[in-house]
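Hello! Here is the structure I promised to pass on to you. Have a look at it first, and then read on for what turned up in it.

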Amino acid sequence: MRTVWGIIRIAAAAGIITAIVAQFAKSLSMVPDPALFVINFLSFFTILSNALSAIVLLIGAWYAFRSPNDPDWFNLARASVVTYMATTFVVYNLLLRDISLDQATTLPWSNEILHVWAPLYVVLDWVLAPGRRPIAWKRIWTIAIVPIVWVVYTMIRGAVIGWYPYPFLDPAIEPGVGYDGVTVYVIAIAAFILLVGAGIIGISRAGWPYRAVSEEAAPA
């Protein structure tokens, strides 16, 4: 069963990489400042979370072929990526689906893979794939590190160059709202990330749909 999931993970990672590269190539051919575009493109949380997912899936495939269960460090990295992808899915479909983002021309099929199908697969993989290990509740703060760093980077860079990857992070979008409105969005999304992370950790500690190879209880 682990081998089957390893093969599926390779296919899923290939799909994600193809979607990222196709969108990047399409957009790069249409922008006036390629160097700036490259940095902007890599600054989207969607691209970051999907790129991390592809890496984690490929590493997960390696472990699936070689070991009955995943090492603790990888288990935590995988839980973190699942949290980010679930957040990408929800934020995009609730706040951004009908908004044109600054990436030249969006490829519809790539957009759907990165915002819908890849997140759904990664969550499904976490729930159903064997080899998952229980994670301590205190690790939820480790899961939150990447989003925190990304928000700090995004807001500092945005204030310097006047560009933000998402409109709800741009204090100039709605005059009179400014940073107060941005703060509300950031707090709401941060709370959602913590909620999702708690759910992901909860799943790791449950015996359903199987009992992990290692049945040692994780510390609280």
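F41 counts as buried, because its relative accessibility is 1% and the cut-off for buried is under 20%. Bear in mind that this is a predicted model. The ring of F41 pairs with the ring of F24: their centres are 5.3 Å apart and their planes meet at 65°, so the pair is edge-to-face. F24 sits in helix α1 and F41 in helix α2, so this pair ties together parts that are 17 residues apart in sequence. F24 itself is partly exposed, with a relative accessible area of 25%.

A second pair to look up is F44 with W163. Their ring centres are 5.7 Å apart and their planes lie at 85°, so this pair is edge-to-face. F44 belongs to the loop between α2 and α3, and W163 to the loop between α7 and α8, so the pair ties together parts that are 119 residues apart in sequence. F44 is buried at 2% relative accessible area, and W163 counts as buried at 12%. Both belong to a cluster that ring pairs build from F44, F45, Y84, W150, W163, Y166, F168 and Y185.

Next, the nonpolar core. The largest one has 48 residues, and I16, Y166, F168 and L169 touch the most other members. Helices α1 to α8 each supply at least two residues of this core, with the largest share, eleven residues, coming from α4.

Now for two single residues. Leaving out residues up to four places away in sequence, S53 touches I16, V81, M85 and V122. A159, in helix α7, is exposed, with a relative accessible area of 52%. Apart from neighbours within four places in sequence, A159 is in contact with Y164 and Y179.

Finally, the pocket. Rolling a probe the size of a water molecule over the atoms shows where empty space is left. The largest pocket has a volume of about 390 Å³. Its lining is made up of 22 residues, and P147, W150, V151, I189 and I193 lie nearest its centre. Helices α3, α4, α7 and α8 each supply at least two residues of that lining. What classes of residue does the lining have? It has 18 nonpolar and four polar residues, and no charged ones.

Enjoy exploring!

Conventions
Residues numbered from 1 in each chain as written. Predicted model: local features only at pLDDT ≥ 70, side-chain atom pairs only at ≥ 80, totals over all residues. Heavy atoms only, no water. 1 Å grid on protein atoms, 1.4 Å probe; cavity = no way out; pocket = protein on both sides within 12 Å on 5 of 7 lines; lining within 4 Å. Points joined across faces, edges and corners; volume = space filled by probe spheres on them. Helix = DSSP H or I, 4+ residues; strand = E, 2+ residues; numbered from the N terminus. Nonpolar A, V, L, I, M, F, W, Y, C, P; charged D, E, K, R; others polar. Core = buried A, V, L, I, M, F, W, Y, C linked by side-chain atoms within 4.5 Å. Buried < 20%, exposed > 50% of the residue type's maximum accessible area, 1.4 Å probe, protein only. Contact = heavy atoms within 4.5 Å. Phe/Tyr/Trp six-rings, centres within 6.5 Å; stacked < 30°, edge-to-face > 60°.
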